[in-house]
Each structure stands twice: as structure tokens, then as C-alpha cells.
Amino acid sequence: MSAATTRSRTPDRLCAEAVDLARAAAEEAAAPGVVGEHAGVESEGDRVVTHFFECKELGYRGWRWAVTVARASRAKVVTLDEVVLLPGPDALLAPEWVPWSERLRPGDMGPGDLLPTDAEDLRLEPGYSGEDEPPPASPVSEEMAELVEAEDAEVTGGTPANLPVVPLRGTIAAVAEELGMRRARVLSRYGLHVAADRWEESYGAKTPMAQAAPASCVSCGFLQPIGGSLGQAFGVCANEFSPADGHVVSLSYGCGGHSEAAVMPKPPQPAPPVIDETRVDPFPLRPAADSGSVPVLADEDVAELGHS
């Protein structure tokens, strides 16, 4: 360790003794009654010392008034350098500021909220704008030019915006609009990969639900396919009892609501009754005398009981 380093770490004696000067400067900069006891001295360099005083301001727990004093070489007069309020080791600090674009989380948006996208958002790329679209019926190649000359066709001059009647069908703009491509910006390859990774993390093969599933979504009847390149790896779940109902799921995802996981057997149906309408079954209105259901009585006994 050099001598210069030793001198810089050892507080200058005259500067360290200038406690009254440092306190007066702190009290002048702070509100009355908020400068507390002297809390130490720290050497900032050759003949440069910082005095710390406790801060009694409400809401600034652990903060300290830092007053830096200095002395010129071979001088005996200590001068004031600066006065600032600094947090101490156990100071109460506000959380580090984070831009709103990094604080936003899925589900934070509500009705009426607007989420602006950066002009240089990597998830998007320019879509079809129609600026390079050739005029209707214009020769776009040498073969088409020869065909136009042979057929004596009329080539429309100017762009569709300058025509009295803009053609709607058969133009590149109309086809692009039908395919959903006539947008200012479309999803880029990076945006596709980010979305695929996010969906795979939420409803993919590595989730606990998929690990315990009897089969994957690729063989489930409730899977609704989607178009585009993502349709080769994802679909939409349409099972109302599944935890992924209405969500984009990976084809390797699965749950207990698989359509073929446990098929309930069809309950047996009883045979329909058979009615024979070709014969008549006699049904006696009175039981037979020898059936045992009524006692056999003489006519005199019946007459006494009032029976006819």
C-alpha cells in the first residue's frame, strides 16, 4: 500500500475537527430541528473529509446529512465543499423505478385502457401497404406486355386512387384484404416465436397437467385447429370442463378432459313392451268361487248379510 493511499484513507486532522462548521452548514441547508447528532467522519481523499449527521426528518429513516469539507495544501483554514442528504446503510428507500413498459403484466389492462406499441417493436414488421401495387390491368412482365399488345387491350393509367371508380375485385389490395394481410404492421418471426414460447410455457407438454394426462391434445376431439404457421403446433381447446377452455394449447398438451380418455358405456335400454293385438285375454269381473279369495256362503246367509 502506497503512502498516498494511506493518507487518503486517514481523515485529515483539521478537517475532522471541523464539526461545528459542518453542523452549521447542515442546519442552514435543512429545516430547523432536523439535524441530529454527529454520526461519523469519512475520508474522501487528501484533505477532504465528509461529516455525517443524523436526519430527524419524518419519512427519512436511516438518512444522513453529509457535509464535505476540504483544506488546501499547507493551509490551516477549512472550507465548506457541499451539503447533501444521503441514505445510510439501513435507510428506507423507495423501490427502483421501472418503466411502465416493463412493469406491465398480462391481465393488467382494463376497459378503456390503451397500450401503445413501440414504433420499433421487434414483435411486429411492416405489412402490405399497397405502395408497390401496379395499376389494374397493367403489364407486369414482358409476356403480359406482349399479350396486351396482341389482344389490343386497354391499360388503365394511374393508381387506383386516381381512377374515377376504384376496382374492388381482382386487385392485389382486395386479395390482401380478404386474406387479412392489409395491415400497417403484422406479426414478425420474432413475435411468432415469443408467442409460441409463451403458450408452450402455459399450456405445453412440460406442465404438470400435461404430464399427468392420459393422452395429448393432438388426438382430442375438443381441439379446434387454427390457421397459419402456428397451426402446426397449436390449437384452441373447446372443452368447457377443461382448465384450458378457450386458450391456445400445444398439440402436446393434455388434461383429464380428453375426449377419448374415459368413454362412458352407453346405458342399456329395456326392451319395448310387446302387445299382442290378435287375441283377447278374458278378465273376470268377479273371482271364481273356488279361487279361495272369498268364502263360499249359502244363499240364505248372503241374504241375511244384505248381499244381493
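Here is a short tour of the structure, stop by stop.

Before you click, note that this is a predicted model, where local features need pLDDT of at least 70, side-chain atom pairs count only at pLDDT 80 or more, and totals for chains, interfaces and linings use all residues. Residues are numbered from 1 along each chain as its sequence is written, and side-chain values use heavy atoms, with hydrogens and water left out.

**Stop one: aromatic pairs**

Searching the whole structure turns up three aromatic pairs (ring centres of Phe, Tyr or the six-membered ring of Trp within 6.5 Å; planes under 30 degrees apart are stacked, over 60 edge-to-face, the rest tilted). Select Trp 199 and Phe 234: this pair is edge-to-face, at 5.6 Å centre to centre with 80 degrees between the planes. Trp 199 sits in helix H7 (residues 189–202) and Phe 234 in strand S8 (residues 234–237), 35 residues apart. Helices (H or I, at least four residues) and strands (E, at least two) are DSSP runs, numbered from the N terminus. Phe 234 is buried at 4% relative accessibility, while Trp 199 is partly exposed at 24% (buried is under 20% relative accessible area, exposed over 50%, partly exposed in between, with a 1.4 Å probe and protein chains only).

Now pick Tyr 203 and Tyr 253, whose ring centres are 5.5 Å apart with planes at 90 degrees, so this pair is edge-to-face too. Tyr 203 belongs to the loop between H7 and helix H8 (208–211), Tyr 253 to the loop between strand S9 (248–250) and helix H9 (299–304), so the pair ties together parts 50 residues apart in sequence. Both tyrosines are buried.

**Stop two: the H7–H8 loop**

Stay in the loop between H7 and H8 and select Thr 207. Thr 207 is buried, with a relative accessible area of 11%. A polar atom of its side chain lies 2.9 Å from the backbone oxygen of Gly 204.

**Stop three: Gln 232**

Next, go to the loop between strand S7 (223–225) and S8 for Gln 232. Gln 232 is exposed at 69% relative accessibility.

**Stop four: a surface patch**

Finally, select Trp 100, Leu 104, Met 109 and Leu 115, a nonpolar surface patch with about 370 Å² of accessible area together. Leu 115 is in the loop between helix H4 (100–103) and strand S5 (124–126), and is partly exposed at 41% relative accessible area.

Methods. Patch = residues over 30% accessible without salt bridge, like charges linked within 9 Å, V, L, I, M, F, W, Y side chains within 5 Å. Areas by Shrake-Rupley, 256 points an atom, 1.4 Å probe, with all protein chains shown as cover. Salt bridge = Lys/Arg side-chain N within 4 Å of Asp/Glu carboxyl O. Polar contact = N/O pair within 3.5 Å; in protein donor to acceptor, adjacent residues only side chain to side chain.
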